Amino acid sequence: MKRLVLLFGIFLLAASCSKDRNFDERELHLISPEKIAGFDPIHASDMYSGNEMGKVYEGLFEFHPLKRPYELMPNLAETLPEVSADGLTYTFKIKKGVLFHDSSAFKDGKGRELNSDDVLYSLKRLADPKLQAKGWWLFDDKILGLNEWKDKNAPLEASNYSEEIEGLKKIDNHTFSIKLKKPYPQFLYALAMPYSFIVAKEAVEHFGKEFLNHPVGTGPFILPKFEQTNRIVYTKNPTFREKLYPSEGEEGDDKLGLLADAGKRIPLVDKIIVDIIVESQPKWLSFQKAKADLLEIPKDNFDQAVIGGKELSPELKGKGIRLFANPQLDVTFFAFNHDDAIFKNNKKLRQAISMAWNREEANKLFYNSAAVEAQSVIPPGLGGYRKEFKNPFVKYDPETAKKLLAEAGYPNGKGLPAITVQTRNETVARQIIEHFAKNLEKIGVQVKVGMNTWPELVNKVTKRQHQMYTMGWGADYPDAENFLGLLYCPNSSPGSNGANYCNSEFDNLFVTATAMQESPERNAMYEKMNEMIANEVPWIFGFHRTKFYLSHAWLKNYKFMEFNHAQFQYLNVDLEVKKELSKKF
Amino acid sequence: MKTNSLWKDAFLRLAKDKWALISLIIVVAYALVAILSSLGIIASGWAQEVGASNLPPSTEYWFGTDIFGRSVLTKVIRGTQVAMSVGLATSLIAIPIGVFLGAIAGYFGGWVDDMITWLYTTFSSIPNIMLLISITMILGKGLFAVYVALGATSWVTLCRLIRGEVMKHKEREYVQAAGAIGGGHMRKLFLHILPNVTHIVIINTSLQFQVAIKSEVILSYLGLGVQGEPSWGTMIDDAKLELARGVWWQLAGATLAMFLVVLAFNLLGDALRDALDPKLKGK
Amino acid sequence: MIPVLLGVSLIIFVLFNLVAGDPTAVLLGKNATARQMADLREQLGLNKSLFAQYMDVVKSAFTFNFGYSWATKQEITYMIRQGAYPSLCLSIPAFVLSTVFSLIISLFVAYYRGKGIDLFIRFLCIAGMSISALAYILFFQWFFAFEMGWFEISGFEYGFPDFIPYIALPAIIWILLSLGPDVRFFRTVILDEIYQDYVRTARAKGLSEINILLKHVLRNAMIPIITYVVIQLPFLILGALLLESFFSIPGLGGMTLNALNSSDFPVIKAMAILSSVMYIVFGLISDILYTFADPRVKLK
């Protein structure tokens, strides 16, 4: 018994001594709120996997870390490509002297120089029928000969990469050209996404099925092996090329100290430590204990917990903590399934339901009143959004809603069956529908909650087994096409148009506009489509949310980025400040 | 008439134990609350707003209000209905299956035993929580799925315990004696052995009832349980996000409600065991 | 052993191949094309006959070749090897400590049976298990790890004794939750024995109560205790789903919960099969232990 007590005592004692902080090395501590599946870029469909891959891998282009609106800049590419007059042939030049990480996959274990074959190989991998890449939709039916190559290789044992494809041509070791089937103005954005990161053929072949645990890229950090634990430790890539911190940014960046490191060689930190913490409470507590330098506050009402108002509490301010509130390129919605006869030809019913939902209250309850009420599909910050535009059916007006409901054929909801809204099994998702249901009850419409795991929800929507569902959509790239496509008829389930909404006028405009390069004319067309769809109410438009980040004072150069997978190489840690402030934690 | 006097005796002993009485009163009170709530006599207006959002407990709102300004107390009561119904339904499914299969397996042995052992080994070799989550996920959630999942997992323990106990008793002198004076199998099993293993059923039920309540809370917390109705689990789920800003009353309300009933079931089960176990008689 | 594995495979097959939905949409992400989904169904073997699909499940149960995870694309045996260590680092100390504490407490309360101290300790144990695990987690993590700073908030470190600050708090919660059921069970079986005739005889012989308790009663009570303990062993490898996910311990419990949330059927199937194999193995071990604890079993 005594011995046991002693043992337990030792156990507690050992438990109570935590490790000291490291003030000698520039370590960046980050939190990823989701499990990381692996390091194969072609499957980088979620933001968090993309963020991890972006530390190790690079693409031809990246978004400028400071300039807004988002601006593409060459990364592995030497310059922006030359585009032929018909807009179909792109000629790229890539940088010379870029080295892959040292790896056992290469001869002598030394990383070799990047060449144009690597780029073409990486693009072909997205089409490889054996791999079923999650990023295939980006290039599906876009590059000349690629779909044919995919089909041809499907029955084969292994895909034949040596076969030349008409659309993917190597010119020399550092030059190649890509020929498109049809105009694709979003093409360069696609090449900046994590899906299109460049991998080395040797590494893919050497590691085989284990490739996803052995990332061998050209990026600023190295990770010799991904161990699937809840902590990922990256170290600075010693062979990284000379890449400099930008010396210009958006107006005002100078004052914010974002240009203090201008012209310095990046990456600026020696090490990045990423802890994977899924639950809200430990995430928040870890940040407060200064175990993480940056915290993304979940989109749910946890943000109220942290800030209780739009300002930080004095206690947090006193510790030097800063708050970043940034409007996101996203939209939340309740979609009607237009397969359902109840909704399909009954615009008045859809409008009635839309007007019965008190968005102002929802905004206050769930988003700390920081979200923007969506008037239609396109979020602010993208061409096609017009600030002055107000959708009359987004206004909360239960009286008009009742009138519309009666006109729709269901006076006081009589005759209308209860509507089930499918959502994710998450706290706030459930609460939002509870709120929605409570509002609709006032005009006599019964709403039930259907809770699903993410896979189940996707399944129900792709199989059209839903009446209504709710979801949020985040931009893949800064082009409203990504949002308008959600209501484009050919994208109906199993595609991304889960509302199965069809409107031929809209579809015709979509085809024309999305083939145009960015221009005032194209944006005018986007505006027209956006406002046209608003009155049709194929969705109950929800919100464009605001994302909150908290950072400690010693984290330098942080600026919110929607497409932030390449951002981490620009961040810096001020060890002096950290040493000083750490006494407060 | 042996059983009658046993139960009467047990009741008298139980009545003397004040902890058991208090527990019994608590359980009965919860049952009453659940019945009244399911009849719509109390807590039918749980969905109504009674005040502002997230008000702390006060004399007006004993447990405060939730994010929508609904009374947490009313939600707790409504949650009681859900919890008690889950416990009851689970017991109603698990006891008959568990006792019947366990008894015939233990008594007859041979291939009957082999079959039943195979069945419960199969079930018990898959972790309960996985089976629970899988069944609720696949049956499409809601209370019904929770009943079925808990019923399907909770008969196993009872069956195993009954089987073991029956096997032990089969060899005891009194059963041998009953056999010697010409008792048939069924007579021996149901008249002589089963009354002597009732305490197992009772202990197990009190245990199972609270395990069911706890499981429902966890399933609802994971979003797999009750839909569109308050449950202690969903209240704790809400609390997860509210705690950091000092809204502790939903967690406290749900936890307290659950704590009391689970505690009462446990104490009552123990007391019943002491009172009912024939071997303890006269001590 | 084989029939049970067949039974387990059958349950798993019925649940995940027959009843559950189509996973392809999930696997391909939000922008999947219909063509791609159809191709993937073919590649995953979802178009095979039901019998062939069942045989696949059976085959994996016997060869331990579970294939690749749908969600993470990782090899499942590798995932299990990775996750077993953190899980066991939490579950073994927690289980051993809780069993030992429970046994000591049970003997103690059995010795003082019926007295105030017996009632009080039992009440505490039962009260401890009556609080929701979720409440413990939320409160302890905030109070002991954050406010007091005695433990790490979450995460895991490989190697002894580095992992201790990380697993201490979840282990304590585990112990608090299992003291109640353990003590009540152990006390019941100990009391069962105390009122047997042989104890009366021993007492008549003038043996001390402690002596009787430790030598005779405990020995005879060992059978149900061993069964009770051994039955729980195989599930230790599964870890604790909620504890692991809340404390960010990269173990099998968190992995399983993750798999359930992402409809990652191969992983769920693998975990179910793995734990049932362990269950069977430990069943055999407990049978062998019986013969040591109770010579009467050997005679049969």
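Reader: At what angle do the axes of helix α11 and helix α13 of chain A cross?
Author: This is a predicted model, in which local features need pLDDT of at least 70 and side-chain atom pairs count only at pLDDT 80 or more, while totals for chains, interfaces and linings use all residues. Residues are numbered from 1 along each chain as its sequence is written, and chains are lettered from A and ligands numbered from 1 in the order in which they are written. Helices (H or I, at least four residues) and strands (E, at least two) are DSSP runs numbered from the N terminus, and axes are lines fitted to C-alpha atoms, for helices over the stretch in contact, with angles from 0 to 180 degrees between N-to-C directions. The axes of α11 (residues 347–356) and α13 (residues 398–407) of chain A come within 8 Å, and they cross at roughly 160 degrees.

Reader: Is α11(A) roughly parallel or roughly antiparallel to α13(A)?
Author: Angles under 35 degrees count as roughly parallel, over 145 as roughly antiparallel, 65 to 115 as roughly perpendicular and the rest as oblique. The two axes cross at roughly 160 degrees. That makes the relation of α11(A) to α13(A) roughly antiparallel.

Reader: Is the crossing of α11(A) and α13(A) left-handed or right-handed?
Author: A crossing is left-handed if the near helix is turned anticlockwise from the far one by less than a right angle, and right-handed if clockwise. By that rule the crossing in which α11(A) passes α13(A) is left-handed.

Reader: How do the residues of the contact of α11(A) with α13(A) divide?
Author: Two residues are in contact if their C-beta atoms, placed from the backbone, lie within 7 Å. The contact involves Lys348(A), Leu349(A), Gln351(A), Ala352(A), Met355(A) and Ala356(A) on α11(A), and Pro398(A), Thr400(A), Ala401(A), Leu404(A), Leu405(A) and Glu407(A) on α13(A). Ala, Val, Leu, Ile, Met, Phe, Trp, Tyr, Cys and Pro count as nonpolar, Asp, Glu, Lys and Arg as charged, and the others, Gly among them, as polar. The division is 8 nonpolar, 2 polar and 2 charged.

Reader: What is the radius of gyration of chain A?
Author: Chain A has 19 helices and 24 strands. The radius is taken over C-alpha atoms, and the globule rule used for comparison is 2.2 Å times the number of residues to the power 0.38. For 585 residues that rule gives 25 Å, so chain A is as compact as a globular protein of that length, at 26 Å.

Reader: What percentage of the residues in chain A are buried?
Author: A residue is buried if 20 or more other C-beta atoms lie within 10 Å of its own, exposed if 12 or fewer, and partly exposed in between, with C-beta atoms placed from the backbone. Of the 585 residues in chain A, the buried share is 51%.

Reader: What is omega for the peptide bond from Arg68(A) to Pro69(A)?
Author: Pro69(A) sits in the loop between β2 (61–63) and β3 (72–74) of chain A. The bond is cis, with omega near -5 degrees.

Reader: Which residue does a cis peptide bond join to Ile266(A)?
Author: The bond has an omega of about 0 degrees.

Reader: Is Asn557(A) buried or exposed?
Author: Asn557(A) has a positive phi of about 70 degrees although it is not a glycine. Its place is in the loop between β23 (555–556) and β24 (572–573) of chain A. With 22 other C-beta atoms within 10 Å, Asn557(A) is buried.

Reader: Is Asp108(A) buried or exposed?
Author: Asp108(A) is not a glycine, yet it has a positive phi of about 60 degrees. The residue lies in the loop between β5 (89–93) and α3 (116–127) of chain A. With 8 other C-beta atoms within 10 Å, Asp108(A) is exposed.

Reader: Which element gives the most to the side of chain C that touches chain A?
Author: In this contact, 51 residues of chain C meet 45 residues of chain A. Elements of chain C that give two or more residues include α2 (24–28), α3 (34–43) and α5 (76–111). With 6 residues, the one that gives the most is α3(C).
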